[in-house]
Amino acid sequence: MEARHSPQQYNVTSYGTITVAIITLEAFAGMWINAFIVCVLCIGWFKKKTLNSNEKILLLLGCSRFCYLCFTWVYCCLSITYPNYLYVQITFQLIIFFQSSFTSSNLWVSACLCVFYCIKIANFRNSFFIYLKVKIDRMVPWLLLASVLSALAIGIIAYDLADTKLSNKHNSTGQGNFPTMSGKMNESFFHLYFIYGFGVITSFTAVISSALLLLFSLWRHKRKMQKNSMNNLSMEAHIKAMKSILSFFIMYSINFIFLMLSLIPSQKEESYMAFLSLIFPYAFPGVHSLIVIFSNPKLEKTLIRILSCVKCKDCMR
């Protein structure tokens with residue numbers, strides 16, 4: 001006799017297949033890029049026995065993004081291909097917990113990186129800003145700890161919401177029958193989306209403020225250099241930081257738009273907007289981490305050296 005499989009388990013449309021394929025490509029590329037950042041920083045840490053503030057932020061950012069991509073990829077693939085294996089007790093709650101925690105950690109640590117660049121590079125005579133510039137290296141570990149704790153708190157809230165909603169669905173639909181659950185997941189987790197949206201808005205505000213302050217500082221510094229007919233390394237530092245923050249600002253803006261669009265109920269699940277709102281969040285961690293690599297001399301030199309070695313081996317073959 002031929003084995004019969006549940007239609008909910010194996011009925012994957014071409015839309016779902018394309019979505020899983022693209023997300024898998026983006027997720028694994030992003031995991032490789034962030035794993036590279038983590039490995040380079042850890043090797044440097046073991047050699048020097050210490051990390052500066054910038055490296056601490058980048059290390060936690062790389063770990064957060066790697067884990068975020070890993071858990072969100074598992075969640076997305078299971079929800080599309082094997083929903084019956086996902087929407088069960090413990091499995092679903094744990095995936096939601098880790099996904100929400102690492103998503104929040106990614107947002108907060110990214111904002112910390114932008115604020116750190118702003119405080120370290122921008123030049124203002126305000127006493128409070130000068131105080132922050134002097135104390136920022138001591139504040140970074142506490143900021144990172146606060147980011148981790150807030151991410152864990154959001155993860156716990158998400159776990160509780162997932163447990164409640166899954167229990168309600170289980171009682172209303174019966175044992176093992178969850179065909180309508182995935183279609184209403186956005187409505188069920190509106191509170192979680194609201195908390196996540198609040199985190200995005202807060203970190204987005206930090207990024208905007210950092211970008212505007214750096215831009216104003218660069219403008220003042222450029223005017224001063226033009227009057228004195230001078231040029232120094234401070235200008236180059238301003239421009240590098242501005243490129244990194246502006247690129248992050250642009251991608252963050254697109255990510256924020258897609259988040260808001262995902263909160264709007266759509267009658268047609270397989271729409272282009274729904275497809276983009278699902279695809280872009282997986283591209284964001286990898287693309288921005290790649291920009292971070294090329295804005296960091298240590299990471300850039302290591303990547304170029306590895307790529308040149310690989311190219312030489314290919315030529316020898």
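This tour moves through a predicted model, one selection at a time. Residues are numbered from 1 along each chain as its sequence is written, and side-chain values use heavy atoms, with hydrogens and water left out. In this predicted model, local features need pLDDT of at least 70 and side-chain atom pairs count only at pLDDT 80 or more, while totals for chains, interfaces and linings use all residues.

**Stop 1: the aromatic rings**

A search of the whole structure finds ten aromatic pairs. Rings of Phe, Tyr and Trp (its six-membered ring) pair if their centres lie within 6.5 Å; planes under 30 degrees apart are stacked, over 60 edge-to-face, and the rest tilted.

Select Phe-71 and Phe-98. Their ring centres are 4.8 Å apart and their planes meet at 15°, so this pair is stacked. Phe-71 belongs to helix H3 (residues 53-81) and Phe-98 to helix H5 (residues 91-121), and the two are 27 residues apart. Helices here are DSSP runs (H or I, at least four residues), numbered from the N terminus.

Check the surface next. Phe-71 is partly exposed at 24% relative accessible area, and Phe-98 is partly exposed at 29%. The cut-offs are under 20% for buried, over 50% for exposed and in between for partly exposed (1.4 Å probe, protein chains only).

Phe-102 lies in helix H5 and Phe-71 in helix H3, so the pair ties together parts 31 residues apart in sequence.

**Stop 2: a charge over a ring**

Select Arg-65 and Phe-284. The charged end of Arg-65 sits over the Phe-284 ring, 5.5 Å from its centre. The test asks for NZ of Lys or CZ of Arg within 6 Å of the ring centre and within 35 degrees of the ring normal.

**Stop 3: Thr-103**

Go to Thr-103 in helix H5. Thr-103 is buried, with a relative accessible area of 9%. Leaving out residues up to four places away in sequence, Thr-103 touches Tyr-68 and Tyr-196; contact means heavy atoms within 4.5 Å.

**Stop 4: Leu-59**

Finish at Leu-59, found in helix H3. Leu-59 is buried at 12% relative accessible area. Which residues does Leu-59 touch, not counting those up to four places away in sequence? They are Val-38, Leu-41, Cys-42, Trp-45 and Leu-51.
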